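Here's a quick tour of a protein chain for someone just getting started. Have a look at the sequence and the 3D view first, then read on.

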Amino acid sequence: MATQTFANTDLVSDMVIASLFNKAQKVGLVGRETEGDFNTAKYGQTINMRRPVYFASSSGAVIQAGQTSAIEEGTVAVVVDNREKVVMELDSEEMALNVTSDRVADYVNGMADELLNVIEESIANEARTGVWNYGDASGGATLDEFARARAFMAAQGVSAMSNKYGCVTPFVGQILSKDVSTAFSFPSVVRVSDAMDRAKIGTYNTIMFMEDQVLATHVSGVATGTIVVDGNDQNVTYNSARGTYEQTLNLTGATASTTGIFKAGDVLNIDTFQAINRKPRKSIGKLQGFLVTEDADSDGAGAVTVTISPPIIAET
């Protein structure tokens, strides 16, 4: 049997990375349009990722007062500061022995599995607590709930041409797969990786469903009391919020002195605040969901300051 040693650590690292990407599910789904900005980045460096620029059109050939659009281009500061490692030690006896190729594959796959679990769990947590229009289907594990989430994203201007994926836990996948014979279709798709192929459950309403073993389960805040917005005119401008696309919102009426009145990942609705399609700047006829991005506690008077995304932007 062929043998292989660990003398070349670069070779082992390359093998682990290759195994990691072959096993990846969510890593293969993440948009990579800005990947080039990271190729030359060094650890500790801050990269400013550009947000989309929006403009407003106006009718007529003559420029009237108030029709000029100021360029308020936002960026997102991303610090390259995450490192994850697997440390394996070989004693003197092991170093003196040749290791079979099969054993090398076992080591490589084991290391890749551990790293991948951490990376994909991080992606799942970020989607749940950091992406306000990801399309929540928490109302129930039904096809209609997922279709509603897709429709909500589309109504807000998410590109109809973009791929849409529903990542579900194994038990939710079991529920959804009961309808596979009547509701799902299986179109031809480009093979991305073995893991992604095996994880696919089916397609419904343009959503490709995939089973995810490391998908985080969200634990909601208690949200007790009669909670209302504390004070008017808490809106902000795009220019002031463009860096984080967040704002703080003052609430009152919560149960006093409660830890975890809201949890990061909770979604709030505020009466009369409707979701807007950013492109035509028109209401879609549904209440806007505001994502809580940080855990929040109430004070002794029942007041809560919560950080939400998207911000409440007043356009003039």
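What follows is a short briefing, sorted by topic.

This is a predicted model, where local features need pLDDT of at least 70, side-chain atom pairs count only at pLDDT 80 or more, and totals for chains, interfaces and linings use all residues. Residues are numbered from 1 along each chain as its sequence is written, and side-chain values use heavy atoms, with hydrogens and water left out.

**The chain as a whole**

- You'll find 7 helices and 14 strands in the chain; helices (H or I, at least four residues) and strands (E, at least two) are DSSP runs, numbered from the N terminus.
- Of its 316 residues, 28% count as buried. Buried means under 20% relative accessible area, exposed means over 50%, and partly exposed is in between (1.4 Å probe, protein chains only).
- Take the contacts (heavy atoms within 4.5 Å) between residues at least 6 apart in sequence: 70% of them join residues at least 24 apart.

**Rings**

- A search of the whole structure turns up 1 aromatic pair. The centres of the Phe273 and Phe290 rings are 6.4 Å apart and their planes sit at 75°, so the pair is edge-to-face. Here are the cut-offs: rings of Phe, Tyr and Trp (its six-membered ring) pair if their centres lie within 6.5 Å, and planes under 30 degrees apart count as stacked, over 60 as edge-to-face and the rest as tilted.
- Phe273 is in the loop between β10 (267-268) and β11 (274-277), while Phe290 is in strand β13 (residues 290-292), so the pair ties together parts 17 residues apart in sequence.
- Phe273 is partly exposed at 33% relative accessibility, whereas Phe290 is buried at 4%.
- Arg83 lies over the face of Tyr43, at 3.6 Å from the ring centre. For a charge to sit over a ring, NZ of Lys or CZ of Arg must be within 6 Å of the ring centre and within 35 degrees of the ring normal.

**A salt bridge**

- The whole-structure search finds 1 salt bridge, meaning a side-chain nitrogen of Lys or Arg within 4 Å of a carboxyl oxygen of Asp or Glu. The partners are Asp295 and Lys263, with their closest N and O atoms 3.8 Å apart.
- This pair links distant parts of the chain, 32 residues apart: Asp295 is in the loop between β13 and β14 (304-309), and Lys263 is in the loop between β9 (247-254) and β10.

**Helix α4**

- α4 (residues 143-155) has 13 residues and reaches 18 Å from first C-alpha to last, close to the 18 Å expected at 1.5 Å a residue. The expected span is 1.5 Å times one less than the number of residues.
- Buried residues in α4 include Leu143, Phe146 and Arg150.
- After α4 comes Gly157, whose phi is positive, near 105°.

- Most residues other than glycine have a negative phi, and most peptide bonds are trans.
- Ala223 has a positive phi of about 50°, and it is found in the loop between β7 (207-211) and β8.
- Ser257 also has a positive phi, near 50°, and lies in the loop between β9 and β10.
- The peptide bond from Ser309 to Pro310 is cis, with omega near 5°.
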